[in-house]
Amino acid sequence: MALVAGVDSSTQSCKVVIRDAETGELVRSGRAAHPEGTEVDPAAWWGALQDAVEQAGGLADVVAASVAGQQHGMVCLDERGEVVRPALLWNDTRSAGAAVDLIEELGDGNVAGGDRVGALVAGRQAWAEAVGSVPVASFTVTKLRWLARNEPASAERTAAVCLPHDWLTWRLAGAHGLDALRTDRGDASGTGYWSPRTGEYRLDLLERAFGRRPVLPVVLDPTGRAGELPNGAPLGPGTGDNAAAALGVGALPGDVIVSIGTSGTVFSVAETPSQDSSGAVAGFADATGRFLPLVATLNAARVLDAAAKLLGVDLDQLARLALSAPSGADGLVMVPYLEGERTPNRPLATGAVHGLTLRTSTPAHLARAAVEGLLCGLADGLDAMVAQGATVNRVILVGGGARSEAVRRIAPEVFGCPVLVPAPGEYVADGAARQAAWVAQGGEAPPTWSATTTQEYDARPAPHIRDQYATARDLITNRPT
């Protein structure tokens with residue numbers, strides 16, 4: 001039996017799965033926690049990876065491995081390959097102002113002097129055409145601008161910039177110099193300075209943001225080799241977490257995946273690249289040579305955690321409470337911008353509860369409002385995808401939040417269509433393992449592994465949930481309240 005390893009280095013933890021390369025059968029696995037926060041010393045990821053690998057029985061017997069990881073994180077290395085400062089993660093919003101500045105600067109040349117609104121409109125269009133996405137605080141390019149402006153000494157030390165999965169792959173391969181850094185299309189497309197349409201870095205945009213052009217990882221094709229493990233087994237190029245999840249569930253064109261993890265994401269596999277100048281849809285690449293238009297929210301599964309903590313219950317009890325309340329929670333609405341928000345782009349906003357009355361002042365109503373608010377934010381993303389021409393043949397619900405019975409049963413009401421929920425699994429790590437099998441076996445397409453069992457959930461659409469949420473959402477401004 002040939003074995004392959006897949007790694008998911010997410011915001012919260014590192015997961016390692018060892019699977020049969022031919023069938024995808026799970027053989028063993030391991031897991032280790034990551035520290036909390038929006039900036040993390042990458043050494044913590046390396047330590048967690050070592051712990052998770054040890055739990056999984058090691059990598060000595062695998063024929064290939066790949067690493068998937070959280071997107072956008074800024075890892076800066078000096079000339080010796082040492083980490084310059086803690087990595088800024090995707091959910092760090094301190095670069096929100098830098099994002100606005102970069103948009104306005106790129107648009108300035110296309111409008112009359114002093115027309116700031118016109119510059120922002122022109123800038124959004126120019127960024128979308130250049131790299132398929134409009135910068136927001138999450139993107140690496142905005143973090144580099146923030147670093148250059150706020151920590152010039154760290155910026156000056158920075159000789160190379162890479163992403164979390166790039167750095168871990170490089171370390172697994174022996175960290176043989178900055179020129180050995182490797183990445184893939186999927187993760188590179190989230191930097192803000194690589195174009196899915198052309199397949200090339202936009203070094204001019206990198207220099208605009210950072211003031212110069214540090215070393216960047218070489219972008220590999222889907223089956224490119226990023227190095228070798230100590231046993232000589234090849235390391236695949238890896239990818240970002242969303243592209244890996246799409247590979248892990250076997251998504252095809254026309255599938256829309258809604259992932260409820262630390263972040264919430266709505267994405268689909270597409271044959272052509274997208275460019276949305278509104279910034280709602282990011283035009284990413286996937287891990288197979290196709291494209292992955294994506295909408296992301298900052299607030300997802302932790303909305304459920306926060307509501308459970310507020311009510312003094314566990315997540316199963318929260319789900320039971322939510323399902324005991326009526327659809328729409330009698331008008332109680334939670335807008336769950338607990339960490340600001342990326343879609344819509346309101347990084348400084350805070351959450352709010354509307355419609356609080358004596359009738360709705362119950363744990364069940366608040367639990368229901370939390371679940372519906374979470375899902376409505378994702379449904380707004382689904383609307384944006386459709387507006388950009390996405391085909392929705394089916395919705396596949398994955399991620400830790402999909403384990404909630406309330407989320408599964410309420411989702412069809414909010415999304416207005418049936419929802420398929422695969423059996424709980426580590427789909428990001430599974431996608432990395434499937435990529436590793438593809439690298440080991442070769443061929444035109446990744447191996448076909450046995451499909452996991454899925455449950456289909458259906459319910460009568462409840463447009464009143466979306467309507468009351470939209471009314472409350474539009475009262476939220478991009479500033480602390």
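**Reading the model, feature by feature**

Guide: Let us begin with one residue and its surroundings. Asp-286 touches Asp-184, Arg-185, Gly-186, Ala-243, Val-269, Phe-291 and Leu-292, not counting residues up to four places away in sequence. Please keep in mind that this is a predicted model.

Visitor: Where in the chain does Asp-286 lie?

Guide: Asp-286 belongs to the loop that joins strand 18 (282-285) to strand 19 (291-297).

Visitor: Is Asp-286 buried or exposed?

Guide: The relative accessible area of Asp-286 is 4%, so this residue counts as buried, the cut-off for buried being under 20%.

Visitor: Which partners does the side chain of Asp-286 reach through polar atoms?

Guide: There are two to note. One is the side chain of Thr-288, with which the side chain of Asp-286 makes a polar contact at 2.7 Å. Another is the backbone nitrogen of Arg-290, which the Asp-286 side chain reaches at 2.7 Å.

Visitor: How should I read the packing of two helices?

Guide: Two packed helices are described by the angle between their axes and the distance between those axes. In this model, helix 2 (residues 96-108) packs on helix 3 (residues 116-131) at an angle of about 95°, and their axes are 6 Å apart. Helix 2 is therefore roughly perpendicular to helix 3, since angles of 65 to 115 degrees are classed in that way.

Visitor: Which residues of helix 2 and helix 3 meet?

Guide: From helix 2, the contact includes Val-100, Ile-103 and Leu-106, and from helix 3 it includes Ala-119, Leu-120 and Trp-127. By class, the contact of helix 2 with helix 3 has nine nonpolar, two polar and four charged residues.

Visitor: How do helix 10 and helix 11 cross?

Guide: The axes of helix 10 (residues 301-311) and helix 11 (residues 315-324) come within 9 Å and cross at roughly 90°. These two helices are therefore roughly perpendicular to each other. Helix 10 contributes Leu-304, Asp-305, Ala-307, Ala-308 and Leu-311, while helix 11 contributes Leu-315, Leu-318 and Leu-321. Seven residues of this contact are nonpolar, none is polar and one is charged.

Visitor: At what angle do helix 11 and helix 12 pack?

Guide: The angle is about 100°, with the axes 7 Å apart, and the pair is therefore roughly perpendicular. Leu-318, Leu-321, Ala-322, Leu-323 and Ser-324 of helix 11 meet Pro-363, Ala-364, Ala-367, Arg-368 and Val-371 of helix 12. These divide into eight nonpolar residues, one polar and one charged.

Visitor: How many residues does the largest nonpolar core have?

Guide: This core has 53 residues, and those with the most contacts inside it are Ile-260, Leu-375, Leu-397 and Phe-415. Helix 12 (residues 363-387) gives the most to this core, namely 13 residues. Leaving aside neighbours within four places in sequence, Leu-375 is in contact with Ile-260, Val-407, Ile-410, Ala-411, Val-414 and Phe-415. A second, separate core of 50 residues includes Cys-76, Ala-130, Val-136 and Val-141.

Visitor: What should I look for in the backbone angles?

Guide: Most residues other than glycine have a negative phi. His-72, however, has a positive phi, near 80°. This residue lies in the loop between strand 5 (62-69) and strand 6 (75-77), and at 4% relative accessibility His-72 counts as buried. Ala-175 also has a positive phi, near 50°. Its place is the loop between helix 6 (164-172) and strand 9 (182-184), where Ala-175 is partly exposed, with a relative accessible area of 29%.

Note on methods
Residues are numbered from 1 along each chain as its sequence is written. This is a predicted model: local features need pLDDT of at least 70, side-chain atom pairs count only at pLDDT 80 or more; totals for chains, interfaces and linings use all residues. Side-chain values use heavy atoms; hydrogens and water are left out. Axes are lines fitted to C-alpha atoms, for helices over the stretch in contact, and angles run from 0 to 180 degrees between N-to-C directions. Helices (H or I, at least four residues) and strands (E, at least two) are DSSP runs, numbered from the N terminus. Angles under 35 degrees count as roughly parallel, over 145 as roughly antiparallel, 65 to 115 as roughly perpendicular and the rest as oblique. Contact means heavy atoms within 4.5 Å. Ala, Val, Leu, Ile, Met, Phe, Trp, Tyr, Cys and Pro count as nonpolar, Asp, Glu, Lys and Arg as charged, and the others, Gly among them, as polar. Buried means under 20% relative accessible area, exposed over 50%, partly exposed in between (1.4 Å probe, protein chains only). A polar contact is a pair of N or O atoms within 3.5 Å; within protein, one must be able to donate a hydrogen and the other to accept it, and residues adjacent in sequence count only if both atoms are side-chain atoms. A nonpolar core is a set of buried Ala, Val, Leu, Ile, Met, Phe, Trp, Tyr and Cys residues joined through side-chain atoms within 4.5 Å.
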